[in-house]
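I opened my notebook to look up how side chains pair up in one protein model. I wanted to follow the aromatic rings and then the charged groups.

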Amino acid sequence: MKSIQVFLLLLVSALPPTTARRHSQHLPSSSLKSLPSTAARPAFYKNDSRTTSTEARTVRGGGGGEATMSNEMFNMVKAVVGVGVLSLPAGIAAFGNAPSAAIPAAALIATIGSIAAYNFSLIGRLCAITGAASYRGAWEKSVGASTAWIPAVSCVVKTFFAVLAYSMVLGDTFSALFTTLGMNVSREVSLVGLTLVVLLPLCLLKNLSSLAPFSLAGIAGMLYTAVAMGIRFLDGSYSSPDSGFALDVAESLRPAIGDKGASAVFSSNAFILICMLSTAYMAHFNAPKFYLELKDNTIERWNTVVATSFGISILFFIGIAAMGFATFGGASNGLILNNYSTKDSLMGFSRVAVAFALVFTYPLAFVGCRDGILEMLQVPKEERTDAKLNNLTYAILGVVTAVALKITDLSFIMSFGGATLGNALIYVYPAIMFRSAVKNMGDKATTAQKLEVILAMAFAALGIGMGTIGAKMALGKLK
């Protein structure tokens, strides 16, 4: 953990802290008005007013909100470590089926996580340079307002993908839970019933503040799942496809250990895992929110928070991915919990924990998607009547459920979403914004900043390349 944190600190500290503060005073300020106050609103909304000089200094470093570094780290890890981590074993299985394939996979997880951490830090530093208070605001202040719809649309569609993934996982999980209780309820019936009886009423709520504490259950559920997976890997309950709990699952879900080991990472199929990671690490549209909420948000403190949070997330991702893959090999499902027997009480509790967390965090993600659509359509807040919000809720939830019924492979959503929107939001857009911000500085830009533009654009090119190949591989896998 210590070595990963040190590496990440070096990576995210490319820009000296004094540089952002020194040059920010020459640039226009923007509003804090659009900063989301809850997790229900991703930070990509439009800024259209100005701050006072005091507020501008707060945005640019040395001020900030009231969140301590430890609070920021906890919330950032909670934002990064989501349900997507449960699909990572399938990402390794896309190119390998022998335990040694987990070694290069761990290296990929750490590498992609480090680059994601760098760009997360870069977005915060862009807020320091430009005075922006949101992802869209950073684009407006650096690239221009006329094209700010591009990252806004990307954020909304990516949020839609997140809600879709939630529905897919809930359908699988509740079907398995019903089986554990001795009830034969299909995935389709489970999903439709859950949507009508539970998710729809929750998404129709006008005040979601009471649901915010349940988001803590998400990280607790993931921690329990990681421990349970470790126990099952070590006790060998699934070591043989012809004995133990393995006999209780479909043949396609039983352990399948082959001879495609570490060298298999050079297969083009490895890009499926790489693009899945772009979705798994996706929290970048909320980077401005985290930066602004950090107390005494100097660049040094910001970089420490980002490096530590992503370091913890990387270790968590490696643990889940490696243990799941080492247990089931090439048979690792797009939702690794599906590989475990419904008679396995230890993993049954894991399903309960994940289902509980997803049910109560689902509306938070859903409202972010719905409000983002309203922002894109430029619907004034005074025209957002209850009837209009309800009708839009019915429409979005209907589309999400229909797609979730049709597509059953979570790994496809993770890899295709990561290859397209994930790569754009993590690698491409931050580089474009930073290049424009440095260009706008003119002679005031330092040599370090100009050199960092090259690094950022190199990551952007890498993201485009990975995305192109990954999208093609994901679509091919779907066929």
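My entries below go through ring pairs and then salt bridges.

I noted that this is a predicted model, where local features need pLDDT of at least 70, side-chain atom pairs count only at pLDDT 80 or more, and totals for chains, interfaces and linings use all residues. Residues are numbered from 1 along each chain as its sequence is written, and side-chain values use heavy atoms, with hydrogens and water left out.

**Rings.** I searched the whole structure and found 17 aromatic pairs (rings of Phe, Tyr and Trp, the last by its six-membered ring, with centres within 6.5 Å; planes under 30 degrees apart are stacked, over 60 edge-to-face, the rest tilted). I looked up Tyr 291 and Trp 302, an edge-to-face pair with 5.4 Å between centres and 80° between planes. Tyr 291 lies in helix H12 and Trp 302 in helix H13, so the pair ties together parts 11 residues apart in sequence (helices are DSSP runs of H or I, at least four residues, numbered from the N terminus). Both residues are buried (under 20% relative accessible area; exposed is over 50%, partly exposed in between, with a 1.4 Å probe and protein chains only).

**Charges.** I counted 11 salt bridges (a side-chain nitrogen of Lys or Arg within 4 Å of a carboxyl oxygen of Asp or Glu). One of them joins Lys 289 and Glu 293 at 3.5 Å, N to O, and both residues lie in helix H12, 4 residues apart, about one turn of the helix. Lys 289 is buried at 12% relative accessibility, whereas Glu 293 is partly exposed at 23%.

Technical notes
Helices (H or I, at least four residues) and strands (E, at least two) are DSSP runs, numbered from the N terminus.
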